[in-house]
Every structure is written in structure tokens, then in C-alpha cells.
Amino acid sequence: MSQPIALITGATSGIGEATARVLSKNYRLIICGRRKDRLEKLQSELACDSKILSFDVRDKETVFTSIESLPADWKEIDVLVNNAGNAHGLDLIQDGNPDDWDAMMDINVKGLLYVSKAIIPGMVARKKGHIVNVSSIAGLEVYTRGNVYCASKHAVDALTKGMRMDLNEHGIKVTSIDPGLVETEFSEVRFKGDTEKASKVYQNYTPLKAIDVAETIEFVLNRPAHVMIGDLLILPTDQASSTIVNKKSQ
Ligand code: 8X3
């Protein structure tokens, strides 16, 4: 029997890329992202059978046509990892940029919905599948200046719960992974390329690495058929909440 198929969005970096590398041991992979060059590089390094789908999750038409374009033997997707997501800006609500708000709601919420809509009907028809939504501690807590990013991840939390209810009778698992501070390009994107500001987020304590989250996703997927991990908060040992981090003085 051929290996199951996992589709991962946002596979060009960070948690998505690490998840692709970890799952490549046991899955055929459909790696998705905006940056085709990065997907091609990743594909060349993966030992498993893989396909590239290059799209921006915000582009509804392309999401549907890309997933529809998969050859017949790649259409039966067993696992969907909805990982694509970003933070744009860390401003007080009164200073926020509406373009940043659009980006976060469009990518983190609407993009997740488009990809899910393209894949869920097949899972329902086959009565099997596992959807892993990569949310955030920001989906469980709100912190100062997090406003719209937190709202977008709270929406992901609500969608995870709603999906789990609606898909319950079809035997489909739905999991939310809620990471705290993970050292990736996340803060660089949030601070619009300001690498100095971004690197400070991860200084004086030990943040999670993308591989820590990827291995957790692998664990969740490897549970027996009758076990569904619903929500999983994963934090660095040095982090107690969005705002409590045990930073060591230098
Ligand atoms: C990323 C973690 O704390 O910056 O989702 O919101 S945090």
C-alpha cells in the first residue's frame, strides 16, 4: 500500500518546513507556499515522493485550481496541516495599519478556510482524515499590541472547534496546535524585516525551535485511530504565558 498523503501550507519556512522534513519519513507530501524556489529546494532535499503547489492562500481561485490540478493518485489527502500564517505589526490598536489587519485576517483566517474547503469534501467522502490547524498561544490569550493577530488566532480556535463538531460524524480528526514563542522568521515578518528587533524576541531564554513543534505534530498524527488530540499548547519551558517569560539577566 502506498504511503498516506499530507498537504502542508506555509512549507517554505519555519514550522511548515520542519513539519515537511519530519513527516517525509512516513508520508507522501504536497508542499505548498508562495515562494516556489524555496519549495523546489525543499523538495530536492526530501527523500519522499512529493508535489509542489505554489500559491498564496489569500488567492481563493488559485487555491482551488491548484488543489484541483493534483493528479488522481495525489487527490486522496489524508492529512492537512494548515500552517500558513503570519503576524504583521505589533501596534496598539489606535496605531494599527489596516493593510496589516487585512493581511492577518486574509492569510490566517480566510486562507485557512479556502484550503480547508478544497480538501474537506474529499475527507468527508472517504470518511477519514486529520486536519491540524497550527494556531498559537495568541488564539487562547490576548496580549497588549496583539489585538488583530490575537483576533485572527482566536478565529482559528473557533474554526478548529467548529470543524471538529461538523466533521465528528465523518470520523475526521481535528487538532489545534498552539505554540508559544518559536524562533523562526515569524518575528522578522512581524517587524517587517527589522532583524535586530526580531532577534531580541528570542534573547536571554531558550525559545522553541520549529522542529519541536514539527515533532509534536508528528506525535499527534501518530496516535491510534480512536485517539484525537483536540488542543495542544506547546511552550518553551521558560514561558508561562504570552507575557510571562523567564528571561535571564545577562
Ligand atoms: C506566535 C506566538 O506569542 O508571538 O504565535 O503570539 S506570539
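**Close-up 1. Lys153 and the backbone of Val134.** In this predicted model, the side chain of Lys153 comes within 3.2 Å of the backbone oxygen of Val134. Lys153 itself belongs to helix α5, which spans residues 147-166. Have a look at what surrounds this lysine: beyond residues up to four places away in sequence, Lys153 touches Asn108, Val134, Ser135, Ser136, Ala138 and Gly139. Although buried, Lys153 has no salt bridge.

**Close-up 2. Arg58 in the loop between β3 and α3.** Here we move to the loop that links β3 (50-54) with α3 (60-68), where Arg58 is placed. Is Arg58 buried or partly exposed? With a relative accessible area of 35%, Arg58 is partly exposed. Its contacts, not counting residues up to four places away in sequence, are Arg34, Ala103, Asp106, Ile107 and Tyr114. Lys110 lies 52 residues from Arg58 in sequence, yet the two C-alpha atoms are 6.9 Å apart.

**Close-up 3. The largest nonpolar core.** This core has 31 residues, and Leu29, Ile31, Ile177 and Ile217 touch the most other members. Elements that each supply at least two of its residues include β1 (5-8), α1 (14-23), β5 (130-134) and β9 (231-234). Helix α8 gives the largest share, six residues.

Close-up 4. Leaving aside neighbours within four places in sequence, Ile31 is in contact with residues including Ile8, Ala20, Leu39, Leu42, Gln43, Lys51 and Leu53. Leu53 is a member of another core, of 27 residues, which lies apart from the largest one and also includes Leu80, Ile119 and Met163.

Definitions and conventions. Residues are numbered from 1 along each chain as its sequence is written. This is a predicted model: local features need pLDDT of at least 70, side-chain atom pairs count only at pLDDT 80 or more; totals for chains, interfaces and linings use all residues. Side-chain values use heavy atoms; hydrogens and water are left out. Helices (H or I, at least four residues) and strands (E, at least two) are DSSP runs, numbered from the N terminus. Buried means under 20% relative accessible area, exposed over 50%, partly exposed in between (1.4 Å probe, protein chains only). Lys and Arg count as positive and Asp and Glu as negative; His and the chain ends are not counted. A salt bridge is a side-chain nitrogen of Lys or Arg within 4 Å of a carboxyl oxygen of Asp or Glu. A polar contact is a pair of N or O atoms within 3.5 Å; within protein, one must be able to donate a hydrogen and the other to accept it, and residues adjacent in sequence count only if both atoms are side-chain atoms. Contact means heavy atoms within 4.5 Å. A nonpolar core is a set of buried Ala, Val, Leu, Ile, Met, Phe, Trp, Tyr and Cys residues joined through side-chain atoms within 4.5 Å.
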